[in-house]
Amino acid sequence: MATTTASMQENLSSARGQNSVNIGLANFWVALVFMTVAVILGVYQVAERSGFFPALESPTLYFASVSTHGVLMGFVLTTFFIMGFGYYAATTSLKMPIPGKGFAWFGFWLALIGTLIAAVPLLTGNASVLYTMYPPLAAHPAFYIGATMLVVGSWFWCIEMIWMMAKWKKAHPGEAVPLVHFGNTANAIMWLWTTIGVGSEALFQLIPWSLGILETIDVGLARTLFSWTLHAIVYFWLFPAYITLYTIMPKVIGGKLFSDEMGRIAFIMLLVFSVPIGFHHLYMDPFQEAGWKFVHMFGTFMVALPTLFTGFTVIASMEIAGRLRGGKGLFGWIGALPWKEPVMSAAGLSMLLLTFGGFGGMINASYSLNTMVHNTQWVTGHFHLIFGGTTVIMYFAAAYHMLPRMIGRKLHSASMAVTQLWLWFIGMLVLTLPWHAIGLLGQPRRISSAPYDDPLVEQWNIHEASMIVGGVILFISSCMLLWNLYKTHSASPEEQAMEYAEPIHPAPRVPHLLNSFAFWNVVIAIYLIASYGYPIAQFFLNQTFGATTWGV
Amino acid sequence: MGELNPDEEKKILESAPKGTMTLLIIFGIAMLLGWMYMYFGMFLTHGPVN
């Protein structure tokens with residue numbers, strides 16, 4: 001009896017996610033603090049490159065700032081947020097504690113220490129490699145070692161997610177894994193596959209090269225390995241956003257999820273299609289043949305399918321909620337939605353930004369059209385819309401929803417949250433739409449200044465001014481976010497359970513292929529061998545121009 | 001939401017999301033037109049690099 005009571009208490013505690021509160025909060029706050037630093041650097045960058053403030057001009061400082069901004073946003077904010085989100089969502093959806101909690105904390109500290117180690121060369125201008133791992137740009141070894149520790153730290157999270165799914169399935173034979181954890185586990189598995197590329201590059205090429213153990217480096221192989229990671233990382237970032245849209249948003253707005261199975265199919269497709277498509281980042285590189293690039297282009301368009309499924313399912317869930325709230329007509333349900341709810345506003349704005357960003361992505365992915373925008377500011381605009389817009393705005397929504405529940409307090413101000421989200425949306429558009437235009441006008445990306453007396457460059461001025469305004473709006477918005485969440489820690493107590501959306505047709509059991517990843521791992525392995533096998537092997541088989549394996 | 005009776009709620013839950021499908025068709029057509037403008041209007045007319 002005593003055992004049963006203890007077990008019930010543990011289940012109740014897990015339902016509130018108490019077991020994951022500390023590690024969830026630690027991850028969230030690390031992510032948010034580093035994000036704010038990155039936003040400040042972003043404001044400096046748009047001011048510096050505009051040429052309007054001569055006192056600020058310094059290529060050395062600019063490229064150190066760009067590299068730090070990119071690493072903090074693309075690797076630090078994302079990794080820590082995804083880990084915090086995953087832990088809290090896992091304990092509250094599976095209603096079980098995190099197994100091996102010390103293991104999870106070890107991963108957190110490894111990632112944090114790695115971040116701090118990488119920060120030293122970044123902030124001292126010794127890792128101004130534009131947050132990429134593209135040799136011959138070379139950084140201090142501490143940057144590569146720190147970044148590797150961050151990635152290895154995230155693997156502990158991946159193992160925890162897989163471990164929890166296996167443990168839950170053992171305790172619930174035949175039952176459907178809750179969609180929220182199915183998505184998080186898909187992301188964890190994808191991240192493990194994804195990081196093989198950059199991990200191999202760092203371990204066998206960059207770290208030995210930066211330490212002077214290797215004298216030369218095979219740039220083509222390095223870029224190919226980095227491309228393995230480079231696109232799938234975007235889906236690693238996007239997964240929590242999609243999970244929030246599928247499993248939290250419909251509940252918050254008083255509706256139901258249109259289809260649980262559609263979510264599973266979308267997550268599996270993201271898992272399978274996102275890794276073997278990285279050559280669309282190498283369209284202009286001479287190291288790979290056009291045929292391989294075409295194969296990857298085909299895969300790139302395939303990965304649009306899960307996004308289309310997500311768009312349909314999420315908007316259909318919104319429509320259901322809107323109609324349940326009294327909305328009539330073809331579009332009357334849109335006005336009936338609770339737009340004063342931060343999660344609802346974020347979802348609507350995120351989907352709009354996804355539309356803009358998705359259009360840019362189609363242009364980038366088209367082999368011929370890519371030549372028009374390659375290495376221009378258009379590309380910067382595109383990934384800021386997808387990452388800084390679609391993805392991060394949903395991170396904000398998840399933080400507004402989860403953090404008050406973690407600490408048992410009311411959100412300090414829901415209206416401030418909605419204002420902050422709208423400001424972020426406006427700021428992101430003001431920042432990135434001019435970048436698309438300026439890219440088509442020929443401005444290269446990754447420049448710290450330009451000859452502003454040139455007639456061509458004069459056309460850029462209006463866009464340069466606009467992006468400063470966008471950067472400042474984003475800075476104000478991020479300050480509001482931090483303030484609101486900080487004040488929530490001292491807000492009035494309010495116990496709210498962390499609940500997830502029910503589908504219209506609950507399915508206690510789903511087909512095995514939609515409830516397990518074993519088969520899909522085999523599919524990924526085959527697909528990866530088909531799309532990356534020879535392109536990588538050729539560097540070992542064809543020792544062109546006297547180059548030898550791994551650049552030795 | 002509270003004013004709906006169970007039959008009305010069931011009808012909404014089981015109805016096809018016509019508004020969603022219309023929105024997606026509009027966005028799909030806009031994307032296609034945008035891509036065609038970029039390809040035929042900007043890329044093909046661009047000419048050689050000077």
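The predictor assigns the complex an ipTM of 0.91 and a pTM of 0.93. For chain B, the mean pLDDT is 89. In that chain, 88% of the residues reach 70 or more. Where pLDDT is low, predicted coordinates should not be read in detail.

Chain B has 50 residues, of which 12% count as buried. Its secondary structure consists of 2 helices and 0 strands.

The interface brings 23 residues of chain A into contact with 21 residues of chain B. On the chain A side, helix 12 (304-324) and helix 14 (342-365) each supply at least two of the residues that touch chain B. Helix 12 of chain A gives the most, with 8 residues. Sorted by class, the side of chain A that touches chain B holds 15 nonpolar, 4 polar and 4 charged residues.

One helix pair across the interface was examined in detail. Two packed helices are described by the angle between their axes and the distance between the axes. Helix 12 of chain A packs against helix 1 (residues 6-14) of chain B at an angle of about 160 degrees. The axes of these two helices are 9 Å apart. Angles over 145 degrees count as roughly antiparallel, and helix 12 of chain A and helix 1 of chain B are therefore roughly antiparallel to each other. Helix 12 of chain A passes helix 1 of chain B in a right-handed crossing.

Named residues define this contact. From helix 12 of chain A come Ile320(A), Arg323(A) and Leu324(A). They meet Glu9(B), Ile12(B) and Leu13(B) in helix 1 of chain B. By class, the contact between the two helices has 4 nonpolar and 2 charged residues, and no polar ones.

A further contact with chain B involves a loop residue of chain A. Leu330(A) sits in the loop between helix 12 and helix 13 (332-336) of chain A. With its neighbours within four places in sequence left aside, Leu330(A) is in contact with Lys18(B), Gly19(B) and Thr22(B). Leu330(A) has 12 other C-beta atoms within 10 Å. A residue counts as exposed at 12 or fewer, so Leu330(A) is exposed. Within chain A, Leu330(A) and Ser350(A) are 20 residues apart along the chain. The C-alpha atoms of Leu330(A) and Ser350(A) are separated by 22 Å.

How values were computed: Residues numbered from 1 in each chain as written. Chains lettered and ligands numbered in written order. Predicted model: local features only at pLDDT ≥ 70, side-chain atom pairs only at ≥ 80, totals over all residues. Contact = placed C-beta atoms within 7 Å. Helix = DSSP H or I, 4+ residues; strand = E, 2+ residues; numbered from the N terminus. Nonpolar A, V, L, I, M, F, W, Y, C, P; charged D, E, K, R; others polar. pLDDT = per-residue confidence, 0-100. Axes fitted to C-alpha atoms, helices over the stretch in contact; angles between N-to-C directions. Parallel < 35°, antiparallel > 145°, perpendicular 65-115°, else oblique. Left-handed = near helix turned anticlockwise from the far one by under 90°. Buried ≥ 20, exposed ≤ 12 C-beta atoms within 10 Å, placed from the backbone.
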